[in-house]
Amino acid sequence: MMSSISSHHGKPPPQLQLFLIHVFLGIQLSCSLGTYSNQTAVPGVLCRPDQASALRRLKTSFSTDAWGPFDNGSRCTLASWRADTDCCVWEGVHCGDVNGRVTTLDLGDCGLQSGSLHPDLFDLTSLRDLNLAWNNFNGSQLPAVGFEHLTELIHLNLSNCGFAGQIPVGIGRLTKLVSLDLSITQSVLHIDNDVLLVASWFQGIFLVEPNITSLVKNLSNLELLYVGH
């Protein structure tokens, strides 16, 4: 098993911090595109009604209001998530299952806000790829139960979501996981009128287990692991 763990100590000079942040964001975007861009719907398959209902309830938990000091609002409107339409062609959604079940939910870098992670997400039990990176869950805790139902997950990205508290033990039971991203970026640098501003609004995720080994001991397929900041 190969793992890659991100953790930094000390503060590099501001110019180097800015450069590293740009590099980090570029890598994250490339990885996200590489993970999800090749997902296509099965031709002729329509979304199951129960899957569409779960997604629409999930939508009600999101707000598209601006958040963060340099953000003008959400980059994903979810306008296509309408009743009586095929959810397999909705924004960020793919059905790779011949039975019309959702296998990919990619809301990465959408800039959505929510007070918590809606439990109806866990009704999408055929999910293989789940990306919620760079949305704001306002310091809420991840649900203590639910992740253990997503037994088909291969890629899980919860980076920079503003979660606080503990990582659910259910994530450690997702034995098909190949990649797991729980990393955070605490500081965002911005130059305004030659003045370097530092803004921090992401809250970290704290492990429920005393060490990383306990979290991943059952994840025998895991190849990529990102934690820390």
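Q: Are C88 and C95 buried or exposed?

A: Both C88 and C95 are buried. The label is read from relative accessible area, with buried meaning under 20%. This is a predicted model, and every value discussed here is computed from it.

Q: How many disulfides does the structure hold, and how are the bonded cysteines paired in sequence order?

A: There are 3 disulfides. With the bonded cysteines of the protein numbered along the sequence, the pairing reads 1-3, 2-6, 4-5.

Q: Which cysteine is joined to C47, and where in the chain do the two lie?

A: C47 is joined to C87, with 1.8 Å from S to S. The torsion about this S-S bond is 75 degrees, and the link is right-handed. C47 sits in the loop between α1 (14-36) and α2, while C87 sits in the loop between α2 and β1; the link thus connects distant parts of the chain, 40 residues apart.

Q: Why do C47 and C87 count as buried?

A: The cut-off decides, because buried means under 20% relative accessible area. C47 has a relative accessible area of 13%, so C47 is buried. C87 is at 0% relative accessibility and therefore counts as buried too.

Q: What is the handedness of the disulfide between C76 and C110, and which parts of the chain does this pair tie together?

A: The sulfur atoms of C76 and C110 are 1.9 Å apart. The torsion about their S-S bond is about -80 degrees, so the disulfide is left-handed. C76 lies in the loop between α2 and β1, and C110 lies in the loop between β2 and β3 (129-131), so the pair ties together parts that are 34 residues apart in sequence. C76 and C110 are both buried.

Q: Where does S114 lie, and which residues is S114 in contact with?

A: S114 is in the loop between β2 and β3. At 4% relative accessibility, S114 counts as buried. Contact means heavy atoms within 4.5 Å. With neighbours within four places in sequence left aside, S114 is in contact with S61, F62, N136, F137 and N138.

Q: Why does the span of helix α2 agree with its number of residues?

A: The check compares an expected length with the distance between the end C-alpha atoms. Helix α2 runs over residues 49-60, and at 1.5 Å a residue its 12 residues should span 16 Å; the end C-alpha atoms are 17 Å apart, which agrees.

Q: Which residues of α2 are buried, and which are exposed?

A: The buried residues in α2 are Q51, A52, A54, L55 and L58. They cover an arc of only 160 degrees around the axis, which puts them on the same side of α2. P49 and T60, on the other side of α2, are exposed. The cover over the buried residues of α2 includes β1 (93-94) and β2 (104-106).

Q: What is the order of the strands in the open sheet, and which strands stand at the edges?

A: The sheet has 6 strands in the order β1-β2-β3-β4-β5-β8, with mixed pairing. β1 and β8 (224-226) stand at the edges; each has a single partner strand, so one side of each is left without a neighbour in the sheet.

Q: How many bridges join β5 to β8?

A: Strand β5 (residues 179-181) is joined to β8 by 3 bridges, and the two strands run parallel.

Q: What pattern does the protein follow along the sequence, and what share of its residues is buried?

A: The protein has 3 helices and 8 strands, in the pattern α-α-β-β-β-β-β-β-β-α-β. Of its 229 residues, 44% are buried. The protein exposes about 11600 Å², of which carbon and sulfur atoms supply 54%. Among contacts between residues at least 6 apart in sequence, 71% join residues at least 24 apart.

How values were computed:
Residues are numbered from 1 along each chain as its sequence is written. This is a predicted model: local features need pLDDT of at least 70, side-chain atom pairs count only at pLDDT 80 or more; totals for chains, interfaces and linings use all residues. Side-chain values use heavy atoms; hydrogens and water are left out. Helices (H or I, at least four residues) and strands (E, at least two) are DSSP runs, numbered from the N terminus. The expected span of a helix is 1.5 Å times one less than its number of residues. Buried means under 20% relative accessible area, exposed over 50%, partly exposed in between (1.4 Å probe, protein chains only). The arc is that of the directions from the helix axis to the C-beta atoms. Two strands pair if DSSP finds at least two bridges between them. A disulfide is a pair of cysteine sulfur atoms within 2.5 Å. Accessible areas come from the Shrake-Rupley method with a 1.4 Å probe; for residues, only the protein chains shown count as cover.
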